[in-house]
Amino acid sequence: QMASLESTSVAECEPSSHMNGTSITSTPSTSNSNDKIMEQTWKYPFHQISVLLDDADTSLQRIMSTTHCHIGVTPEATPQHTQSRMVQVTLRGTSEQIFAAHQQLNFVRQNGKLSAIASNKQTARFASTTTTTTTTRTPPSKLNNWNLDVSDACMRRVVDRLISPHHSTNWAILKFDDKTRREKLLAIAKYGIGGVRALGQQLAPVKDLTYCLLRFDYGVEIHKHQIILLIWSPASARSGQKLNIIPMLRHKARIKQTLRATFELNIAIHSYLNSNFILSELHLKHLVPEILLRVTKRFDDDGDGDDDEKQ
């Protein structure tokens, strides 16, 4: 049976005053700069992004021209096994450019074609704005370049409960509270039980870039778990959050360390907020063996397992 959904408002446990004080490779070329050039690499099944390797298709060029992110695509030399063939995709650019390009790649993987957003004027303006702020060195106040305080006691208590396999709490949605004009506090917006299914219900109406923490439990005979920093990044985030995206991405490594996450996952489409997709992504990063992937999916399909608590 589906685990019951329990969402707890953090207003109940917030302190009276604020306290002071991946399989993915990431190679920054500079430091302490919002527009540093980074390089990130993923591996995807060939059939998910085959459209990008079609010389007659312009999707790859359109993604690069609208996001200003350089994309390198290198397929493995195993054409006789197309379904199991992997493709290495390398993104090079600023954190915001990589974020925009990765959203489009995820859409291609999930839909077999490029999102219409990639070619409309709104995305073009977004990419143009990114280039302008990079080259003209807009003052930090206009970039909303805030610092992050991760010392909130309530947030840390919830994280301690969530990462423990003996506690029922297994998801949390984070927020960035204003502390001063140039500093925000990492805090908990909501938390509860019910796993990825309950978290998906909470994220369904959310239109902004949102950081979440998920304890993903899986396995049949032997139960295991991963602590996942899940980044909910719907396409609508870029229009309403433009000034906050850069500092949110700049602080991502610190947030991941604070939350003690062991895996990072970016999801842009709500239908992929499910156990099978997350399990497949863990398998792609060699964190779940093939045999465990098959057995777990078969167990869930037969209706013998709980989709949220024991994947």
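Rings of Phe, Tyr and Trp (its six-membered ring) are taken as a pair if their centres lie within 6.5 Å, and planes under 30 degrees apart count as stacked, over 60 as edge-to-face and the rest as tilted. This is a predicted model, in which local features need pLDDT of at least 70 and side-chain atom pairs count only at pLDDT 80 or more, while totals for chains, interfaces and linings use all residues. Residues are numbered from 1 along each chain as its sequence is written, and side-chain values use heavy atoms, with hydrogens and water left out.

By these criteria the structure holds four aromatic pairs. In one of them, the ring centres of Trp146 and Phe176 are 5.5 Å apart and the planes stand at 45°, so the pair is tilted. Because Trp146 lies in the loop between helix 4 (140-143) and strand 6 (147-149) and Phe176 in strand 7 (residues 171-180), the pair ties together parts that are 30 residues apart in sequence; helices (H or I, at least four residues) and strands (E, at least two) are DSSP runs, numbered from the N terminus. Both Trp146 and Phe176 are buried, that is, under 20% relative accessible area, where exposed means over 50% and partly exposed in between (1.4 Å probe, protein chains only). Together with Tyr211, these two residues form one aromatic cluster.

Leu259, not counting residues up to four places away in sequence, touches Met155, Val159, Ile163, Leu174, Leu213, Ile227 and Leu229, where contact means heavy atoms within 4.5 Å.

Over the whole chain of 311 residues, 48% count as buried. In helix 1 (residues 59-67), the buried residues are Ser59, Leu60, Ile63, Thr66 and Thr67. Seen down the axis of helix 1, these fall within an arc of 145°, so they line one face of the helix; the arc is that of the directions from the helix axis to the C-beta atoms. Just after helix 1, His68 takes a positive phi of about 60°.
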